[in-house]
Amino acid sequence: MKVTVFGVGYVGLVQAAVMAEVGHDVCCVDVDSAKVEDLNRGLVPIYEPGLEPMVKQNHAEGRLQFTTDAAQGVAHGEVQFIAVGTPPDEDGSADLKYVLAVARTVAQHMDKPRVIVNKSTVPVGTADKVTQAVATTLVERGADIPFQVVSNPEFLKEGAAISDCMRPDRIVIGSSDADAIATMRELYEPFNRQQDRTVVMDVRSAELTKYAANCMLATKISFMNEMANLAEKLGADIEAVRKGIGSDPRIGYHFIYPGCGYGGSCFPKDVQALIRTADGIEHDAQILKAVERVNDNQKSVLMRNIQRHFGDRLKGKTLALWGLAFKPNTDDMREAPSRVLLEALWQAGARVQAFDPEAMEETQRIFGQRDDLVLMGTKEAALHGADALVICTEWQAFRAPDFELIKSELAEPVIFDGRNLYDPDRVAGRGFDYYAIGRGLSVQRG
Ligand code: UDX
């Protein structure tokens, strides 16, 4: 099938690549000419395992093209994906200006029937607004061309985006039009071979499904972080509690890891957007507000432990920081807990020597050159001359470090672990003070 994707951000580019990979003929349109030029030269602007070779190969074989020419894009695909950004505006609601601009662009150029698909995460009711924008533009042109607007939310995880898209656990199609549904089924057929994973529903339910999924996951994390804080004060160990509750299949082991808060481009934004949507219809989204509050508070948990340890000795200290990205296998720093920690440490007059396997360039871009941040080439180098070690991201490379080396490099043998990577007894046995999350019984045994 011929498909067009507007917006080669994270979602758009991954979606385009996997569709080309299964044989569809995909044209990507973006207003950013530098990005389009790079992609046409095989340069992929984001780090995502498996994405670059997939883009390069499909581009070379002619199934994946990139252009800034919207008219060409609209002429190309019978299906037109909208995968542009929906950044939060000042009050936290999703800003639809880019989505609606694409809708009008499609309407301006289309001369055949088109299925227009919302892939961006958009508030409930957006499909109606897109329909309105397309219809109005067609009327202005004096054109009478049939079209359908479908909601088809994306559920990919950064770092596993390719496999999530190649083997989706569900394909949500929001539409009440039989032809549009048939077109979408055909498009997704190659991803659906083993088992039909399509869930067809009305467009508003599809829009809400995306928010409900992310908000449920964010709720699980904030719930566990609240339990961790309770465990800390009650002298219980949240890791034992986690295993104890996860064994109940109704609860499950997934997404119940306590930590230094959730980040990324989705959870913070989507929780906030659904709160605003609820506010807009005079519904007080009490759970979601609590989820957000707990998370904001959790992003300071490392700093609280650091202050607990150093008291008023923190000024002038150097902290080694392992992990800057909001989670492993990405260079994404959006809403990363590390950013809150960095700002708090600088505020307190401390310096940071940081290392992340992928997010160093991004850190440099965000914070620029400053005396109180030194980016180090390896995790070992980050330790050199530092007073203590802090861990923000659970990269595999941090899971089994050389504790002897850590001890010999640090001025004080103390580790602040925001991801509960180590066995507290073992670390304490090696002579460290070990501050983890919600493991009150085990800290400061060193
Ligand atoms: C998420 C959803 O998983 C995905 O389905 C949706 O399409 C987009 O949002 P992503 O933002 O890539 O994906 O990250 P995810 O792996 O879900 O992690 C989100 C955050 O939660 C990270 O900061 C992670 O560290 C944190 N997290 C996750 C926890 O703190 N504890 C957990 O148990 C799981």
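**Close-up views of a predicted model**

**Figure 1. Helices H5 and H6 pack at an angle of about 35 degrees, with their axes 8 Å apart.** The model is predicted. H5 covers residues 97-109, and H6 covers residues 126-141. Their crossing is right-handed. From H5, the contact takes in Val99, Leu100, Ala103, Arg104, Val106, Ala107 and Gln108. These meet Thr126, Lys129, Val130, Ala133, Val134, Thr137, Leu138 and Arg141 of H6. By class, nine residues in the contact of H5 with H6 are nonpolar, three are polar and three are charged.

**Figure 2. Cys266 carries the UniProt annotation "active site".** The annotation comes from an unreviewed entry. Cys266 sits in the loop between helix H10 and helix H11. H10 runs over residues 238-246, and H11 over residues 267-280. Cys266 has 24 C-beta neighbours inside 10 Å, so it counts as buried; the cut-off for a buried residue is 20 or more.

**Figure 3. UniProt annotates Asp30, Lys35, Thr86, Thr121, Glu158, Lys269 and Arg334 as "binding site".** They span 305 residues in sequence, and the farthest two C-alpha atoms are 24.4 Å apart, so these positions do not all gather at one spot. The entry behind the annotation is unreviewed.

**Figure 4. Lys35, one of the "binding site" residues in the UniProt record, lies in helix H2.** H2 covers residues 33-40. Leaving out residues up to four places away in sequence, Lys35 touches Val8, Asp30 and Pro45. Asp30 is also listed under the "binding site" annotation. Lys35 counts as partly exposed because it has 19 C-beta neighbours inside 10 Å, and a buried residue needs 20 or more.

**Figure 5. Lys269, also listed by UniProt under "binding site", is found in helix H11.** Helix H11 covers residues 267-280. Lys269 has 19 C-beta neighbours inside 10 Å, so it counts as partly exposed. The loop that holds Cys266 lies between H10 and H11. Cys266, by its count of 24 C-beta neighbours, is buried.

**Figure 6. UniProt places a domain feature at residues 320-424.** The unreviewed entry names this feature "UDP-glucose/GDP-mannose dehydrogenase C-terminal". The end C-alpha atoms of residues 320-424 lie 19 Å apart. The span is 30% helix and 18% strand. Arg334 is among the residues that the record annotates as "binding site".

Note on methods. Residues numbered from 1 in each chain as written. Predicted model: local features only at pLDDT ≥ 70, side-chain atom pairs only at ≥ 80, totals over all residues. UniProt positions renumbered as here; feature names shortened; annotations may be inferred. Helix = DSSP H or I, 4+ residues; strand = E, 2+ residues; numbered from the N terminus. Buried ≥ 20, exposed ≤ 12 C-beta atoms within 10 Å, placed from the backbone. Contact = placed C-beta atoms within 7 Å. Axes fitted to C-alpha atoms, helices over the stretch in contact; angles between N-to-C directions. Left-handed = near helix turned anticlockwise from the far one by under 90°. Nonpolar A, V, L, I, M, F, W, Y, C, P; charged D, E, K, R; others polar.
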